[in-house]
Amino acid sequence: MSYPIRPISEDEWTSFSGVLAEGFNWTPHPTQAERWKANTEFDRTLAAFDGDVIAGVTGIHSFTMTVPGGQLPVAGVTAVSVLPSHRRRGILSHLMHRQLADIRERGEAVAALYASEAVIYGRFGYGRASDGLSVRIPKHGSAFVAGAPVDPALRITVAKPADVRSTLEEVYESLVAERPGQYRRNEHFWTGVLADEEFDQEGAGALRCVLAEDADRVRGYALFRVKSMWGDNGQPDGELHLRELYATDAAAHALLWQSVLNRDLVSKVTAGRPVDDPITQLLADVRHLNASWGDELWVRLVSVDAALSARAYAAPVDVVLEVADDVCPWNEGRWRLTADTASVSCKPTDEAPDVSLQVAALGGAYLGAGALEAQRAAGLLTEHRAGAVRALAAAMSWSPAPWAGNVF
């Protein structure tokens, strides 16, 4: 069957959002829906139509995202869903193919997304590009190692998040270029981060904020909610949900963590953090992290040559890549990637390949945390020249580890 695809107009918003509500089993509050609509780029939406019925949808946020060595325009794929009544008809595939062609035509070399289900997007060329830690730290296990950084000039200040929005924005903006995967937030994203109506709280309490500051400036902030709970014996058993923690230096970072870990009437702190967050080194007993890891950002190289030429490399590399790409045929073929401290080049070539791999493997490695050697060992890519995969993996690695930290 044919399902025509096109962007929606604003007067089709209710039907568009209704597909998402069905697909994600979610009933947004009208205010939440209005915020969502305000942050929608209607010219970057796509809807598949079955007659007058919208059967499948997707959209894009136009981001400036940090990649190793700099920042570049990235298509932030979002709002992907198909009506339950129209599954298994190829609608999602058609939407994804059309969207990638549109991204390429717009001149963006990279797309990124958060996957609701991890098995979906690999078949469209997306690779798992960053992981995150989920930690659950009990107060009794919150002691820091000896020698943890301390700055006597720093103090903690309690603030209402909405009252210090401009300060939070300034701190975040000063740090966004440091970690691959971070993206610049527009006013609508900040409104979502600081949203604090009762329906936003989901039973976890009001959004709270502490600042780490000295006499001259704010050097970091933490945003969190506290779910007040009490044990059967009357002992406080509150749970603090850390939403964000950004700091400009190690001492501010440590002080903010200590502030949330030592909060009165709280027995545990939960948080989603980068895999290399300093808290993994600060706790005296790392077992008290109670950490689990999971996939975070997924990345797709829409134009292999432009994407690989747009980032920096941690080590010199000269390798011929034979790329397989069933979705974006313009990426198929052999590319010679050369990089050193002075220049980067990725150009088509007829030379014999050093490595043969799927485009998703390059997407997974793009932000600096790929598993190319593990994929070689698993037989998921082919090395034709001994040591080529190791050299490519070393060159594409990066520190700090990639992490976006805010679902879009």
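A search through the whole structure turns up 25 salt bridges. Keep in mind that this is a predicted model.

1. Start with Arg35 and Asp200, whose closest N and O atoms sit 2.9 Å apart in a salt bridge. Arg35 belongs to helix α2 (residues 30-38) and Asp200 to helix α6 (residues 198-201), so this pair ties together parts that are 165 residues apart in sequence. The two partners fall into separate accessibility classes: Arg35 is partly exposed at 23% relative accessibility, while Asp200 is buried at 13%.

2. Next, Asp277 and Arg273. Their side chains form a salt bridge with an N to O distance of 2.8 Å. Are these two residues buried or exposed? Both Asp277 and Arg273 are buried.

3. Asp318 and Arg336 make a salt bridge too, at 2.7 Å between the closest N and O atoms. Here the elements are strands: Asp318 is in β15 (residues 317-324) and Arg336 in β16 (residues 333-339), so the link ties together parts that are 18 residues apart in sequence. Asp318 counts as partly exposed, with 39% relative accessibility, and Arg336 is partly exposed as well, at 32%.

4. There's also a network worth a look. Which residues are linked in it by salt bridges? They are Asp151, Asp214, Arg219 and Asp249. As a reminder, side chains of opposite charge can pair when their charged atoms come close.

5. Now the backbone. Most residues other than glycine have a negative phi, and most peptide bonds are trans. Asn25 has a positive phi of about 55° without being a glycine. Asn25 is placed in the loop between α1 (13-23) and α2, and it is exposed, with a relative accessible area of 73%. Arg88 is another non-glycine with a positive phi, about 60°. The loop holding Arg88 runs between β4 (70-82) and α3 (91-106), and Arg88 is exposed at 74% relative accessibility. I'd also flag the peptide bond joining Ser399 and Pro400, which is cis with omega about 10°. Pro400 lies in the segment after α12 (388-396).

6. Arg88 comes up again in the record. The unreviewed UniProt entry has a "binding site" annotation covering Val80, Ser81, Val82, Arg88, Arg89, Gly90, Ile91, Leu92, Ser93, Ser116 and Glu117. Where do these show up in the model? The lining of the second largest pocket includes Val80, Ser81, Val82, Arg88, Arg89, Gly90, Ile91, Leu92, Ser93, Ser116 and Glu117.

7. Ser81 is in strand β4 and is buried, at 7% relative accessibility. Leaving aside neighbours within four places in sequence, Ser81 is in contact with Val19, Leu20, Gly23, Phe24, Ala55, Gly56 and Val57. Ser116, by contrast, sits in the loop between β5 (110-114) and β6 (127-128). At 49% relative accessible area, Ser116 counts as partly exposed, because the exposed class takes values over 50%.

Key: Residues numbered from 1 in each chain as written. Predicted model: local features only at pLDDT ≥ 70, side-chain atom pairs only at ≥ 80, totals over all residues. Heavy atoms only, no water. Salt bridge = Lys/Arg side-chain N within 4 Å of Asp/Glu carboxyl O. Helix = DSSP H or I, 4+ residues; strand = E, 2+ residues; numbered from the N terminus. Buried < 20%, exposed > 50% of the residue type's maximum accessible area, 1.4 Å probe, protein only. UniProt positions renumbered as here; feature names shortened; annotations may be inferred. 1 Å grid on protein atoms, 1.4 Å probe; cavity = no way out; pocket = protein on both sides within 12 Å on 5 of 7 lines; lining within 4 Å. Contact = heavy atoms within 4.5 Å.
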